[in-house]
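Welcome! Please take a moment to look over the sequence and the 3D structure below before reading on.

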Amino acid sequence: MLRLNPSSENRAHLLLTFVLLTLSISLYAPLQLWVLLLVTCAAVMRFSLYMNWQKHQLSVRTLNLMAVLCAIVLAYFGWELGLLLGMLNLLVMASSLKLMLLATRRDYFQLIGVQFFLLGAALVFNQNIAFSLFYAVLCLLLLMSLAFHINPSASWLILSKRVATLCLQALPIAILMLLVLPKLGPLWQMPTAKGAHTGLSDKVTPGDIAELARSADLAFRVTFEQDVPPANKRYWRALVMEEFDGRSWQVHPYRQRITDRFWRSGLPFTPQVSGANYEYQVIAEPTQQSWLFALDTAVSQDQHLWQNHDYTLQSRIPLQSALAYRVTSYYDNQLPPALPQVDGRLNLQLPEGGNPRTQAWATELWQANPTPQAYIRAIASHMRQQGFSYTLKPQPMPVDPIDTFLFEQQAGFCSHYASTVAYLLRLNGIPARLVTGYLGGEMRTDQYMSVYQYDAHAWVEWLSEDGWQRLDPTAWVAPMRIQYGLEQAVAHEQSFLADMPLSGLRGMAFFQALRGWLDDMDYLWSRWILGFDRKNQQDLLKALLGDLSPAKLALFGLGALATIAMLLALYHIKRWLLVKRDLPNWYYQKALALLAHSGIKRTKSQGPADFCAQVEEQVPPLSAQHFTALTRCYTNLCFRPLPPQQHKQQLRQMRDLLTKLKRSLR
């Protein structure tokens, strides 16, 4: 059976529809296309009901059939999405179906509660300052929807002022709670999503990083506590790749099994460190992967980080949202092999066949230079003398890529040089591996830098008697890349971010200043709001209290609670005093509000007696009896001088009659 439309000119439903639609559009990446289409259809249907173009809602039978079909489709595709994205799609799908059939107050409150939850879920995927402000506006619109639902006859201006006042009153309490509430760890692990990965990949084919270097997306930000490393020392390690099939490098499966075994046993690698170091905080952007970024020999005390035996760091859960962590890097520390037998065996493996010219040339070169150091110098000298060049646009090399690179094209990106040199070292029994990460970073202030995707880089580590040594073949042919960054290194071919929209504006001073200002704003938001962790909180408390003794912390907590209580009292004391000063009018206005909710509104020209007569004709006898008695008490208290005892008795009677009226109207 079709139902009559309950939403014609219903502003609460219209605002709720707008919030669901815009919130879903902002989540276009994790949501499936058919779910977005379902949300759009629901929004169009609700808007048609609001404009009275459509007279009836869908029947319950039709909606149930749609729900079954949508559930089957989601179950079919859910295996590919993963638990997190599957649950998000399910929640948005259910919200759309509920929006099509808002039949009762319960439906409305259920749906608006789900929208508040969806706003919190959206912050998992988008946490920068622009999206945070956008979601704050959506939260205000949800509050406006609630206000219109409770008081549908009020004007936009009145309810806007009321909602704004409540939000401003809640803001200092929220800030206080953010600063003083203990920072607890997550109570459960975030389910893994099978979304698209961003940034570096765990498999590299020469040319892949060149594609990544055409992106200006932010990779991570770094804030140094004191000293900042020079530009040519900013090698941000992320992944170590030890398996080479003649074309591509990837994390060795055996190394991954060893990592998983130590992971399950709860035994992280603890490197021996000493000497000078850099202390810094990294705020990594979401990548859907678990690897992190750090300099040199890095150690961290953060419990959600894991130290691998190849001197890399990784998160215990994939980065679904931005992650802040603190690191200490020892730049003069040696990197001895953590698992000597494994490190040596894995990093001497060679692919079967392929690149015959390189194999022959490596044998000749080793015979003339029979030590690792001399052999490396000979490779470097050859590349300099033969005019090898550095380019963001390398040609494809599908067959015997190292032969093609060394003896034909002699032009490539960092991954071409690193892959070639690591292979040449292995050919003559020198353990070598490929390391991918980022090189450099744009300094915004004296202590803070931004590292972008175009800073992606690959280099070599080879095993000497003193441990793993870093070797960057890119420095032989493009030293400007190491010292000044990618833009300077490829300035001769004008290929830096050439494919990006508005790339021509990069040279304009105004555009650069605006971009820098926006980056700084986003950095401050990421560090002081998203990155406000337990250590920041402890530093703040130490600055306020000195030593953090249990007694001081207890007194401070009690003081915070007392402050919140005082703020709440301050917000409500005026209204409370007004109520106490004019209780008869307050009780009477409450009764009028109950009747207005039932569709019986009093005009400004009606007196209490006239309105009482109108109510007696429109409500059941019991409700009319209660309201008549309440009106009589109201007129007695307002227009007759009563003794104090009788005055109190009439007030108590009004209070009781108000409760009875409320029950009878239900």
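Predicted model: local features only at pLDDT ≥ 70, side-chain atom pairs only at ≥ 80, totals over all residues.

Residues are numbered from 1 along each chain as its sequence is written, and side-chain values use heavy atoms, with hydrogens and water left out.

**Salt bridges**

Let us begin with the charged pairs. The structure holds 13 salt bridges (a side-chain nitrogen of Lys or Arg within 4 Å of a carboxyl oxygen of Asp or Glu).

D343 lies in helix α10 and R255 in helix α9 (residues 253-265), so the pair ties together parts that are 88 residues apart in sequence. Helices (H or I, at least four residues) and strands (E, at least two) are DSSP runs, numbered from the N terminus. D343 is buried, at 1% relative accessibility, and R255 is buried too, at 4%. Here buried means under 20% relative accessible area, exposed means over 50%, and partly exposed is in between (1.4 Å probe, protein chains only). Both residues also belong to a network of salt bridges that links R237, E242, R255, D343, R433 and E461.

R444 is partly exposed, at 24%, and D520 is partly exposed at 24% relative accessibility.

As for R655 and D656, R655 is partly exposed at 41%, and D656 is partly exposed at 39%.

**Surface patches**

Which residues form a nonpolar patch on the surface? They are L178, L524, W528, I529 and L530, with about 400 Å² of accessible area together. Accessible areas come from the Shrake-Rupley method with a 1.4 Å probe; for residues, only the protein chains shown count as cover. Patches are made of residues with over 30% relative accessible area and no salt bridge: like charges are joined within 9 Å, and nonpolar side chains (Val, Leu, Ile, Met, Phe, Trp, Tyr) within 5 Å. Helix α18 (residues 509-530) gives the most to the nonpolar patch, with four residues. L524 lies in this helix and is partly exposed, at 41% relative accessibility.

There is also a positive surface patch, formed by K590, K660, K662, R663 and R666. Its main contributor is helix α24 (residues 644-665), with three residues. R666 sits in the segment after α24 and is exposed, with a relative accessible area of 77%.

**Single residues**

Is R326 buried or exposed? R326 is buried, with a relative accessible area of 14%, and its place is in strand β13 (residues 323-330).

Although D296 is not a glycine, this residue has a positive phi of about 50 degrees. D296 is found in the loop between β9 (294-295) and β10 (297-299) and is buried at 14% relative accessibility. N355, not a glycine either, has a positive phi of about 50 degrees. N355 lies in the loop between α10 (340-346) and α11 (356-368) and is buried, at 2%.

Key
Lys, Arg positive; Asp, Glu negative; His and termini not counted. Charge placed at Lys NZ, Arg CZ, Asp CG, Glu CD.
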